[in-house]
Amino acid sequence: MPRRRAGCISGRIFVQGAVRKLIMKLYRTISGYVVEEHDRFYLPGKDRGPGESWQLLTTRDDLHGHLLRQIQGGNGSEAARHALQDLQVPIGNQEVWAAGVTYYRSREARIQESKSAGGGNFYDRVYDAERPELFFKATPHRVVGPNGKVAIRDDSSWSVPEPELALLVSPKGKIIGYTIGNDMSSRSIEGENPLYLPQAKVYDRCCALGPCILVAPEPLPSSTEISLEIMRGGISEFAAATTLASMKRDPLSLVEYLYRSNSFPSGCFLLTGTGIVPPDSFTLAPGDEIRIAITGIGTLINTVG
Ligand code: DO4
Ligand code: MG
């Protein structure tokens, strides 16, 4: 039996040597990075000498243990809580990639939108295939953060947000965190021809990430809920929810495919697909507020502008 010593961190009992299952939230702010744990807020970069850069921090395979060590013995501070008023987009130099047709609802909507263009059974086939659909989504300059303005394309007549769980993956291919992603999409362009997918998906301010990175030592439970609400003029125009249980693919297998013969020296974010698609009569308009919530992570709010 290994010897374990009981200790106390800020009033919370822990056992030395035991696997600690603490879940933390990591925020990027103008004042440095903030770690939230158990309703306490820490600014380790500020309190312990010059902090490491966001990019360095968010590529560490040992991110969970590293942050735990940084907050150990502390009580948090008001300054750290205050710093959350100036949140920044939680991305460094990572590329953003995305998976598609990972939920039945997405498969159904794509088949419908590409029908008149003779979309064939590609979506049907990819939903059932062993190899997932993976596509390039954004470079950091195309990504906005919490409360930022996402865009609809000037040449799109039918646009929607796609609320997705986003994985933060290290250069070595380890999932080190989770955040909320909005895969803004033009359904008119994609529906015209599936070969137009890169234009439907990649443009300025086509993606939002945030509000924080959830750093958890274990995968998220399948009961994790993803919800979307779109507000127009203060009125709820559309609202729906799904859970990770409806996702056809395992996040680990999506990452495994993404990293096949493909390297990510700066790590990457991988959006895991949408399970929520508004009705065909709905298209986004300037001024719409998009609220995406994921259990345990928080709410990402953006306006179309
Ligand atoms: O097949 C096109 C894109 C699918 C997608 O973005 C999704 O299912 O979330
Ligand atoms: Mg998507």
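How many bridges join E12 to strand E14 (residues 207-215)? Five bridges join these two strands, which run antiparallel; strands, here DSSP runs of at least two residues, as helices (H or I) are runs of at least four, are numbered from the N terminus, and two strands pair if DSSP finds at least two bridges between them.

## Basis of the model

This is a predicted model, in which local features need pLDDT of at least 70 and side-chain atom pairs count only at pLDDT 80 or more, while totals for chains, interfaces and linings use all residues. Residues are numbered from 1 along each chain as its sequence is written, chains are lettered from A and ligands numbered from 1 in the order in which they are written, and side-chain values use heavy atoms, with hydrogens and water left out.

## The magnesium site

The magnesium ion (ligand 2) is coordinated by Glu162 (OE), Glu164 (OE) and Asp183 (OD) at 2.0 to 2.1 Å, where donors are N, O and S atoms within 2.8 Å of the metal (3.2 Å for Na, K and Ca), and the site may look incomplete since water is not among the atoms. Along the chain these donors follow the spacing E-x1-E-x18-D. Glutamate 162 is in the loop between strand E10 (159-160) and strand E11 (163-169), and aspartate 183 is in strand E12 (residues 175-183), 21 residues apart, a pair that links distant parts of the chain.

Both glutamate 162 and aspartate 183 are buried, a class defined as under 20% relative accessible area, with exposed over 50% and partly exposed in between (1.4 Å probe, protein chains only).

## The strands around E12

Strand E12 is mostly covered, nine of its nine residues being buried. Seven bridges join E11 to E12, and these strands run antiparallel; leucine 167 has tyrosine 178 in E12 as its bridge partner. The hairpin of E11 and E12 has five residues between the strands, and glycine 173 there takes a positive phi near 90°. Aspartate 183, one of the magnesium donors, stands opposite cysteine 207 in E14.

Ligand 1 is surrounded by 16 residues, the closest being Val101, Ser106, Glu133, Lys201 and Thr274, with a residue counted if one of its heavy atoms lies within 4 Å. Among the polar contacts (pairs of N or O atoms within 3.5 Å), a backbone N or O atom of valine 101 lies 2.8 Å from an oxygen atom of ligand 1, a polar side-chain atom of glutamate 133 lies 2.8 Å from an oxygen atom of the ligand, and a polar side-chain atom of arginine 110 lies 3.4 Å from an oxygen atom of the ligand. Taken alone ligand 1 exposes 280 Å², of which the protein buries 99%, areas that come from the Shrake-Rupley method with a 1.4 Å probe.

## Salt bridges

The structure holds 21 salt bridges, each a side-chain nitrogen of Lys or Arg within 4 Å of a carboxyl oxygen of Asp or Glu. One of them joins the side chains of arginine 110 and glutamate 190 at 3.0 Å, N to O; because arginine 110 lies in helix H5 (residues 104-113) and glutamate 190 in helix H7 (residues 187-192), the pair ties together parts that are 80 residues apart in sequence. Arginine 110 is buried at 6% relative accessible area, and glutamate 190 is buried at 2%. Arg110, Lys137, Glu162, Asp183, Glu190 and Lys201 are linked in a network of salt bridges.

Aspartate 128 forms a salt bridge with lysine 248, the closest N and O atoms being 3.6 Å apart. Here aspartate 128 counts as exposed at 55% relative accessibility, whereas lysine 248 is partly exposed at 41%.

How values were computed:
A polar contact is a pair of N or O atoms within 3.5 Å; within protein, one must be able to donate a hydrogen and the other to accept it, and residues adjacent in sequence count only if both atoms are side-chain atoms.
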